[in-house]
Each structure stands twice: as C-alpha cells, then as structure tokens.
Amino acid sequence: MSSEFAVEMRDVVKRFITPEGNEMAAVDHVTMQIKNGEFFSMLGSSGCGKTTSLRMVAGFEWPTEGEVYIEGVAMGHTPPFQRKVNTVFQSYALFQHLTVYQNLAFGLEMEGAKEDEIKKRVGHALEMVQLTGMDRRRPKQLSGGQQQRVALARALIKTPDVLLLDEPLGALDLKLRKEMQLELKALQQQLGITFIYVTHDQEEALTMSDRIAVMSKGKVQQMGTPVEVYERPANKFVADFIGESNFLEGKIKSLSKNEASVFVPSLNAEVVGMPISEGLVKGEEVVVSIRPEKIRITEKDAKNNNLFHAKVTNTVYIGADTHVYVDVNNAKVKVLEQNRISRLDPKSFYVVGQDVWLMLMPENTLVLKKD
Amino acid sequence: MNPFRRSPFVITAAVLVYFFLYAPIIGLVLYSFNASRANVTFEGFIPAFSDRVVMDGSLVKSSPCGPFHWYCDLAKNDDVGEAAGNTLTIAFTATIIATIIGTMSAIALQRYDFKLKPFSQLSLYIPIVIPEIVMGIGALTLFSQLFGWVNETFNLSGDARLSLGMATVTISHIAFMVPFVTLVVQARLQGFDKSYEEAAMDLGANEWTTFRRVTFPMILPGVMSGALLAFTLSLDDFVITFFTNGPGSTTLPIYVYGLLRRIITPQVNALSTVWILVVFTAVLLLQIIQNRESKQHS
C-alpha cells in the first residue's frame, strides 16, 4: 500500500440545492484521515453529513469543493466502478432477480474472472459469512440477517482496500445486531482491511471502532478513540450525543491550564472543573458537563470545593442501577448509583425529599464550549 | 363472515355487471353458428353436413363444415387473411418501437431533472385525454400535407409517390402508444431503489452494463405490461387507423366495419369469435408466464 492513509478527505464541501431552491451544505469543510487497517466510524444523527461523506468516498457523489484521496490518489470524478472500495448498503441492495451465487459472482464477472475461479471464490466467501449451501436461493428467501451477510460477502469478495458500510445493521433486531457487531469487528481484524462505518447508534460506534468522527450539521465535531470522545468530549454537542450528561450553564471566573472556575447561576455557586474545549477564555459563557455515573452522593464532611447540598426529587430503580434525580438549588441533576450490594430494605435507598450532598470531583467536571 | 356477502344489492349488482360484460360476447359467439345468412334473428344451428352448401332462401340447410359453416367461409376469404396479417404486422412493429421509446422516456423522466420536465410530463397525457378522432384527423392532415409537399417538391411519380398505407398507420399507432408505455413503466420505476444501480457500479459495472444486467431485468415486468397494453390497443384501434390507412393496409377492425356496411352475415361473428379467442389466449399465456416468474421470485 502506497499511502499511510487508506482514505483522506481534504477540506471537502458538498452542497445541494434544496427543493425550495436554497443552497445547503450537507458536508461543510470536512477533513479526515483514515489509516490503513483502521475501523473508523462516522457517527451522527440523520442529516449530519455522514452518509454523504461515505457516498463521496464510494464515488456516488462528487465533492463541490475539496478532494477525496484513496490510497493517496486524488479521486476527482472517478466513477464508482473504477475505485478500489466497496460498499455494504443500508438496504443491502441485493439483486432480487439473481440468486445468492449470482449476486456474489457479479463483481467477479465484472473483473473478468474465469468461471472456476469465480466458483472457488464464491464458495470461500459463503463460507466466511456462514451461508454455505444457500447459493441457489434468491435474496427474498433469506432472513434479514442472512441478507445482511450476503451483502457483506458480495462487497468483500472484491477484496477492496476499503470497505464502506452505511448503517448495515440498522434493519436487524437488537440481539442480532449485537452479535453482528462483534462478528464484523472480528472479521475486520482478521482481514486487516480498512472499514469506514456510518452509524447513528453511539453504542455501536463505541463497541466496534478504533476511532470515531462525531458529526453534526455537516461538520466534524470531534475525532478520536471511543475513550477520548466519551471522557473528553470536545464540546457540548459531543458530550450530549455520546452517552448522557448533566449540563450546567455558567461563566468562567478564573482560568488556568488545568483548572477553570465557573460561576453557575442555577447553583448560585462556583464549580471547579477541567477546561476541555480548545480556546476557552476568561469571562466566556460555557457549560459544565458531568456524567451521571461520575457524581458521588456523600456525607457533609469532605473538604471539597465542589460539594453541594441537594434534595432528592425522584428515584428510579432499574436493576443494575438506580437513577437518582435531585434538585441542587435551582438546577436539576441526574445521578446514577450502581447497585453494588444486594438488598431489599427500602430505607437503604434514597427516598424522595431526602437531603443529600453531591460531590463533583474536578477531574470529572468538564468545562466545554456551548457549541 | 362478510356482512355484504348475502346482500341482495351485491348479488344484483354482480349479476348485472357480468350480464352486460359477457352477454354481448356470448350472443356474438352464438350468432356465429346461425343458420340464417341475414343474421337478424337466431334461426338455430346448421343441422347437417353435406358435400356442398345447400341453401333454402337465406337459411343454410347443410354445409361441408356443418355448424361451423361460417368459419369455413371465413377461411376461404383471402381479404380476412390479409387484414389479419396487416393488423399483426402493424401491432408488432408499433409495439416494439413504442416500447423502446416509452421505456427510454420513462427512465429519463424518472432519473433526470431538466427545464422542460413538467411540460414533457404533461404532454404525455395529451394523446390519452384528447378524443381519438381529433388525433386521427390531425394525423391525416399532417400526412396529406407533408406527402403533398414532398411529392410536389421532389416531383415524385408512380410508385415513388408517398401515400397513406402501412407506414402511416404504424407511425400513428406508435404516437398514441408511447404515452401508455411511458406511464406504465414510470409507475414501475417509482418503486425502483437507486441503490441497486449504485451497488452494480460499486461492484465494477459501468453504466451500460448496469442497465443491461440490473436495471432492465428489474423493470422488465413493467416494460412487459406496458408493451402488452400497447399491443392490445393497436389490435383494437379503429378510429386512428380509419383516418391513416390506405390501399393495402386494411386492418381487421377496418375490414369488419367494411363488411357491416354491406351485409352482416354470420361470417363477421365467426371472425370476431376467432379474434376474441386469439386475444384471450395471448392474455392467458402472459398471465401464466407472469405467475411462474413471481413464484420463482418469492
């Protein structure tokens, strides 16, 4: 492989004309570098530009500005059939008028492969996705999960440098989806090829990816490992989209490299946290983000700046955890308590109206830009 | 249980619908066996076989073909053979050409956005909604003006002179068939997911291979029903053919109309009966083929 990056998008813009005649940037100055052999996910809600980005790599759309490189080669207006990438479609797009065998053989026939070679490779591909013996069936005679595997095999049989997957598990039920997530990840590691995976499911992205690009409104909000995007979200959007978080609005009172003190009006107090977003300045309106599982409910004895009196307003027991909703002055905060000890006594749980103290550790209290 | 099943209204309606649909056809078939040449009232079947036709006034007493006298009479009629040949030639030629044009225009209208698209879409409906007689007269005017000008300008004489005939009928049929094919194929394309074509290209097929191996096979049922509709419309057509035909291009509907103007013998009924059987068999065959296909697919 000639280039360090399997796929590179440099300052790519894709504009569409809306039916109302307005111009809209579906992808807005996106730059991404996807390494060889990486499992890379584009994560975002619908309309964030992730599918359009993927389609530009596949060659179904051409960038309005910027350039897409595959293995270091600028793609320009190269049509899809001349790119060494293959796609697994959200709808699978299996050819209904052909059998499973013919679907898999299609791409090899286009390469001009000989019949006995096609036979061998189709057999091998069917084995890889555990569909041996299904070759004479038509796509409609298969279950959703089986169709998904055929779509995967049809794309992989071409031995692409990069496999593009557009929400491939979206149509499967939860249990099958979880199985397929692990299977896909294992397959990717075994084959060693680059996967670019588009999904709106944050759990899916966290489970499988080496790196994730979190996208919103056509822009990349953050690119990083699953741990990075969860523990160090670049801004409020990322913290909100990935996992759950309590957000408290405030204004920076003092700022150093490792510490920011934010006055939060709803608490009527200052909170000390870590400055995370880049380019924070003193006096800036910011949000303080604290994950529910990272708040401790404690006695009032610890000598901690970030200790706040709160009143329990509701508790929800859900087995593994209990969600405790509290009011801190005027702010509503959610706390997640793990049920680490088996017990039945109702008095051992927090009750509505109870006075408690919340401890917000500064290292768990992230100071983020509003957008 | 369906509460309407035994409703007298439903039963009456059903009986009336079937009566008015099929009574004329049954009557028509029955009269093709009429012993009476005048064919005004049904005088019973031709009772006997004999070496030659025996007549008693306008009643056929016996015939070499017995009750099938009028069918034998029909078979001996060379004009009918010629008219049937013309009809099928026109129908096949026009159907093939109209199906190709109609399918291409349906794909273009579905796939691309262009300035005149709303106009093109609307113009499809015009041949369907305007009275056929207007189209017929229009076609006649066009052809006679055009041919007159060409014949004069190039000083054509004898056989070289352009005149109404098979070609003008075929062209006119294509003109009114194209919108039907386009609309039927368009309906099929509406449910066609673009990702099938993208998948084909993704797997290495260029545009033409994609059309040949994926798009066309997938829309084929729509193209076939469009073609069948166009074919039956062409077989049936009287009005436009009436205005655009010339010597040697008489079709069956025109021929039957000609017979009616002279004398209505049961031969006309025999001809119509054969005609119905041919069309019915064709439709039945197509149904069987389609059923087999859809069974394979599901």
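Me: Which domains does the domain assignment of chain A give?

Reply: Domain bounds come from an automatic or database domain assignment. For chain A that assignment gives domain 1 (5-236) and domain 2 (244-368). The model is predicted: local features need pLDDT of at least 70, side-chain atom pairs count only at pLDDT 80 or more, and totals for chains, interfaces and linings use all residues. Residues are numbered from 1 along each chain as its sequence is written, while chains are lettered from A and ligands numbered from 1 in the order in which they are written.

Me: How many Å apart are the C-alpha centres of domain 1 and domain 2 of chain A?

Reply: They lie 39 Å apart. The contact between these domains takes 5 residues from domain 1 of chain A and 6 residues from domain 2 of chain A. Two residues are in contact if their C-beta atoms, placed from the backbone, lie within 7 Å.

Me: What classes of residue make up the side of domain 1 of chain A that touches domain 2 of chain A?

Reply: Ala, Val, Leu, Ile, Met, Phe, Trp, Tyr, Cys and Pro count as nonpolar, Asp, Glu, Lys and Arg as charged, and the others, Gly among them, as polar. Here there are 2 nonpolar, 1 polar and 2 charged residues.

Me: What does the domain assignment of chain B give?

Reply: Chain B has domain 1 (8-65) and domain 2 (78-262). Their C-alpha centres lie 37 Å apart.

Me: How many residues does the contact take from chain A and from chain B?

Reply: The size of an interface is often given as the accessible area lost when the parts come together. By residues, the contact takes 20 from chain A and 16 from chain B. On the chain A side, β6 (85-88) and α2 (100-110) each supply at least two residues. The largest share, 3 residues, comes from α2(A). By class, the chain A side divides into 10 nonpolar, 6 polar and 4 charged.

Me: What is the strand order in the open sheet of chain A?

Reply: Helices (H or I, at least four residues) and strands (E, at least two) are DSSP runs, numbered from the N terminus. Two strands pair if DSSP finds at least two bridges between them. The 6 strands of the open sheet run β6-β7-β8-β3-β9-β10 (chain A), with mixed pairing. β6 and β10 (219-224) of chain A are the edge strands, each pairing on one side only.

Me: Which strand do 4 bridges join to β6(A)?

Reply: That is β7 (residues 162-166) of chain A, and the two run parallel. A:Val88 stands opposite A:Leu165 in β7(A).

Me: Which helix lies across β6 and β7 of chain A?

Reply: Helix α4 (residues 144-156) of chain A does, running at about 175 degrees to β6(A). Axes are lines fitted to C-alpha atoms, for helices over the stretch in contact, and angles run from 0 to 180 degrees between N-to-C directions.
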